[in-house]
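Reader: I am new to this structure and would like to learn how to read it. Can we go through it feature by feature?

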Amino acid sequence: MELEAAVDPAAWTPLDPRTVPVSAVLATVTVAVAGAAAVVTVAAREPAAAGTAALGTLAAAIALVTVTVLVSWARWRCCAYRVTADRVELRTGVLVQRRRSMPLERARAVDVTAGPVLRAFGLVALRIGTGQQRGRGEATLALRPVDRMDAERLRTLLLDRMRSAGGPPAGPADGRIAELDPRWLRYGPLSLATPVLGLGLTAVLVGLLDPPVWVAAVAVLPVGALVAVLLYVETWSGFRLDREPGDVLRVRRGGLVTRSISLEERRLVGIELVEPLGVRLSGAARVDAVATGLLVGGTESTEHRTLLPTAPRRLAERVAAVVLGQSPAPTAAPLTGHPRAARDRRLRRGALAAVGPAAVLVVVGVLTGIDALLLAGIGVLVLGVPVGVLWALDTYRGLGHGQAGEYLVVRAGSLRRSTVALHRDGVIGWTVRQSVLQRRRGLATVVATTAAGRGAFQARDVDAGTGLRWAATATPGLVGPFAARDEPGVPAARREQHQPGAQERPDPGEPVQRHQVEEHELADGGRHQHQARHP
């Protein structure tokens with residue numbers, strides 16, 4: 001297959017013809033597994049019917065494989081793609097012809113994946129994503145399968161065309177940023193998913209082997225840890241993070257299923273340092289990208305935004321610094337703590353989380369005369385209150401906000417602590433929220449709205465005046481009507497007169513009205529196009 005033919009606007013390039021044997025192999029494996037299970041089930045129940053079941057299953061398997069091969073051949077004959085100077089087009093459909101066209105200026109990411117069968121045939125699947133919230137499959141254009149070398153050349157061609165359609169000019173590559181260290185495997189079992197995986201697999205083994213209860217209970221964590229390590233190996237084998245020509249970050253990883261994800265740095269507006277509890281206690285962290293264009297099929301998946309898997313915290317900070325072009329990394333900057341009122345709120349929540357269930361158990365135990373419920377309530381109270389208090393204190397210690405150069409930094413969480421560094425040019429609006437209880441304690445939740453990542457990043461239970469000044473410093477003029485009311489020595493009514501476009505309020509001296517949400521959007525979102533930054 002000549003890839004250069006796809007450059008000609010008049011030429012269409014078909015998908016690789018090896019798609020037919022690939023489909024045949026996949027169909028054969030699938031029907032073989034399903035057919036064997038069916039025959040074994042029939043033989044266990046009706047041994048005399050095993051021969052008939054085997055013959056029937058074989059005939060059905062041959063028919064299904066034949067149909068699959070014919071459909072795959074027809075699909076290959078009818079599918080083709082081409083890349084022009086400003087768009088990529090895909091033509092599909094056997095009975096109903098469908099033609100999709102994606103402007104290159106709207107393409108955001110190029111993802112190359114290959115499972116075991118595709119790899120055996122030297123093929124890959126290439127996906128081009130727009131990062132938009134559209135219908136299922138509409139936000140991604142998939143070419144499956146194409147030759148591995150052709151896909152690599154096509155990926156380079158697409159990135160070049162994407163840059164010429166609105167990106168920065170190509171430059172020299174910075175080379176390797178990070179690669180997998182086998183010692184990182186020790187972080188695999190520290191995920192919160194480990195006990196869940198252990199419980200699920202142990203339940204299956206109990207149903208099959210029927211071991212003693214104490215054996216099953218003891219095996220939960222070891223089994224979960226083993227599964228977590230295997231998943232880590234499968235997901236991150238061969239991991240490499242490189243900066244390529246044209247300001248492109250490329251992540252390559254995968255064991256049985258290999259994946260290559262390319263992200264233009266001009267789409268990057270920040271970095272998120274993720275520290276689940278077990279990982280944080282071991283001194284490690286994960287680095288995720290906060291960028292536009294990471295939506296696949298309408299959702300943003302962790303596997304597409306992760307730049308560095310769980311690794312030592314110092315390495316994570318260095319990778320964040322290199323990617324953002326800031327030394328030291330903004331996520332390592334000292335942050336402003338939140339007032340004691342925020343700690344008191346979390347202490348009350350932690351205590352109530354234990355006292356509430358304990359009270360219910362004690363009351364039910366007293367009313368029904370069941371001593372077990374009464375003892376259970378007392379146990380929940382004795383154990384739950386200290387745990388709740390420790391959780392509250394750890395959550396409070398994790399709260400923080402600040403600014404490091406051009407980046408806003410927000411930190412929060414206990415079971416999953418997250419430190420986000422967001423470039424202030426990526427902020428397109430602010431939301432300030434106050435509940436009745438927050439207002440009584442002088443607290444507020446200040447939310448930075450962005451077009452990237454989750455769409456909003458919150459500084460929870462920050463001092464109301466401090467939070468508004470922080471937002472006003474980061475984006476001057478965007479939250480002026482709020483921040484000006486905190487200036488000392490100036491009457492509130494007079495400050496209102498100096499605000500352009502200010503409107504009358506029933507009580508201009510109040511920082512934020514009860515249950516009120518004030519939201520300011522920038523008129524020109526175009527000025528927030530984030531340019532690539534290098535150290």
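Reader: Which residue takes a positive phi in the hairpin of β9 and β10?

Author: This is a predicted model. In that hairpin, three residues lie between the strands, and Gly246 has the positive phi, near 85 degrees.

Reader: How many bridges hold β9 and β10 together, and in which sense do they pair?

Author: Strand β9 covers residues 240-244 and strand β10 covers residues 248-253; they pair in the antiparallel sense over five bridges. To read the pairing, go from partner to partner. Leu241 has Val251 of β10 as its bridge partner, and Asp242 has Arg250.

Reader: In what order do the strands of the open sheet lie?

Author: The order of the seven strands is β7-β6-β5-β11-β10-β9-β8, with antiparallel pairing. An edge strand pairs on one side only, and here the edges are β7 (140-147) and β8 (175-179). From one strand to the next, the twist averages 20 degrees.

Reader: Which residues have the most contacts inside the largest nonpolar core?

Author: That core has 35 residues, and the ones with the most contacts inside it include Trp184, Phe239, Leu241 and Val319. Several elements each supply at least two of its residues, among them β8, β10, α6 (213-236) and β12 (268-276). Helix α9 gives the largest share, seven residues. A second, separate core has 27 residues, including Val22, Leu126, Leu141 and Ala151.

Reader: What is Trp184 in contact with, leaving aside its neighbours within four places in sequence?

Author: Its contacts include Tyr232, Phe239, Leu308 and Leu315.

Reader: Is Glu317 buried or exposed?

Author: Glu317 is found in helix α9, residues 313-324. The cut-off for buried is under 20% relative accessible area. Glu317 has 13%, so it is buried. Its side chain makes a polar contact of 2.7 Å with the side chain of Thr331. Not counting residues up to four places away in sequence, Glu317 touches Leu273, Ala329, Thr331 and Ala332.

Reader: How many aromatic pairs are there, and how is such a pair read?

Author: A pair of aromatic rings is described by the distance of the centres and the angle of the planes. The count here is two.

Trp430 lies in strand β20 (residues 427-433) and Trp470 in helix α13, so the pair ties together parts that are 40 residues apart in sequence. Trp430 is buried at 1% relative accessibility, and Trp470 is buried with a relative accessible area of 8%.

Reader: Why is helix α13 described as largely enclosed by the rest of the structure?

Author: The helix spans residues 464-474, and eight of its eleven residues are buried, so the rest of the structure largely encloses it. The buried residues include Ala464, Leu468, Trp470 and Ala474. At the start of α13, a side-chain oxygen of Asp463 comes to within 3.3 Å of the backbone nitrogen of Gly465.

Note on methods: Residues numbered from 1 in each chain as written. Predicted model: local features only at pLDDT ≥ 70, side-chain atom pairs only at ≥ 80, totals over all residues. Heavy atoms only, no water. Pairing = 2+ DSSP bridges. Helix = DSSP H or I, 4+ residues; strand = E, 2+ residues; numbered from the N terminus. Axes fitted to C-alpha atoms, helices over the stretch in contact; angles between N-to-C directions. Buried < 20%, exposed > 50% of the residue type's maximum accessible area, 1.4 Å probe, protein only. Polar contact = N/O pair within 3.5 Å; in protein donor to acceptor, adjacent residues only side chain to side chain. Contact = heavy atoms within 4.5 Å. Core = buried A, V, L, I, M, F, W, Y, C linked by side-chain atoms within 4.5 Å. Phe/Tyr/Trp six-rings, centres within 6.5 Å; stacked < 30°, edge-to-face > 60°.
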